[in-house]
Amino acid sequence: MMKRPTIADLAQASGVSIATVNRILGGTGAVRAETIERVQNAAEEIGFYGRGVIEDRRQRLLPNYRFGFLLQQSSRELYRLFGSKITEAAARRQHEKVVAVVDFVDVLEPQNIADRLEALGKRCDAVAVIAGDHPLIGQTIQSLRERGKPVVAYITDQSARDRAGFVGTDNWKLGRTAAWFLAQTTPMPGRIAVFIGNHRYQCQDVSDASFRSYMREHAPHLQVDDSRPTHEEPQEAYRIVSQLLSELDDLRGIFIVGGGISGVLRALREAPVEKRDKVRVVCRDIGPETRKGLTEGLIMAALCHPLDQISDELIATMIAALEHRDSTTILQRVVPFETITPESV
């Protein structure tokens, strides 16, 4: 039988003294977290019997954070998916203990969002927020920063100079990519409808502008209509698309920059096949409704945030913002978007 590894064996394998190993096992004296992790890794390698004790000591020395996440519209499956992915990312952290407090705001008035952001900031070490760009929200971000509570803009940026950072995708590239899909698959002249949730969402406004930029340059045969606001409401999107399909014979494409995809799909399903088949649809992000639309062939492409990766980046950025809270640097984390088509679902 092989001899059970001893404390001396563990000390030698991890490159520390026997006294250091004893302090870790006994829970007495100060030992750096990095040293405990090195000893823990060595214990795993040699099969040391006290691995549970070492792990417990490491866990007790981990920094603890309570992070708040103010998302929107609890009724939308996409935002609930954002929330669950953030919670999973917090649980994946190995060098910190992160408690994720996920909150949803259904009334999208700027004052209400600002009030909810303030309340969440009082309970948490740092906050991430998805919200339209508005002075009232900027004032709350400034107030929280002054109290040592960094605020990171998530998915859509804020103009507030006191924000700690932004985590999202390259919305200029996203808009031009959406335009490329529609231009490449629509040789016949016609009209393109653009649906935007709210012009105060920077991510939507930038995507809208870059979409038009590409179309002017590469697809002069397609007329891009003025953006139609849906206010993130599926029923409003349904009303607009139903009206367009009934009144127009030359509708060739729809770019959904913001919310309302379920309403768009409902209108397309109800439309005559000969009209529906002429319309190409590109949208942002993928939840259950979008996935169904892709499998039905109603959506040509969805340009999506990679939720696991971007959630990990968000947590890491909030930790970095706390560690450098006295800095005036705005942390920028741009994650490449994913392109999903009916064949890749």
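Select helix H10 and helix H11: Pro234, Gln235, Ala237, Tyr238, Val241, Ser242 and Leu245 in H10 meet Ser262, Gly263, Val264, Arg266, Ala267, Leu268 and Glu270 in H11. Contact here means heavy atoms within 4.5 Å. The residues of this contact divide into 8 nonpolar, 4 polar and 2 charged, with Gly counted as polar. H10 spans residues 234-247, H11 spans residues 261-270, and the two pack at an angle of about 35 degrees with their axes 7 Å apart. Axes are lines fitted to C-alpha atoms over the stretch in contact, and angles run from 0 to 180 degrees between N-to-C directions. Helices (H or I, at least four residues) and strands (E, at least two) are DSSP runs, numbered from the N terminus.

This is a predicted model, in which local features need pLDDT of at least 70, side-chain atom pairs count only at pLDDT 80 or more, and totals for chains, interfaces and linings use all residues. Residues are numbered from 1 along each chain as its sequence is written, and side-chain values use heavy atoms, leaving out hydrogens and water.

Next, select glutamine 73, in the loop between strand S1 (64-72) and helix H5 (77-92). Is glutamine 73 buried or exposed? Glutamine 73 counts as buried because its relative accessibility is 6%; buried means under 20% relative accessible area (1.4 Å probe, protein chains only). Beyond neighbours within four places in sequence, its contacts are Tyr79, Val105, Asp106, Leu108, Glu232 and Glu233.

Last, select methionine 318. Outside four places in sequence, methionine 318 contacts Phe67, Gly68, Phe69, Ala126, Val127, Ala128 and Val152.

Conventions: Buried means under 20% relative accessible area, exposed over 50%, partly exposed in between (1.4 Å probe, protein chains only).
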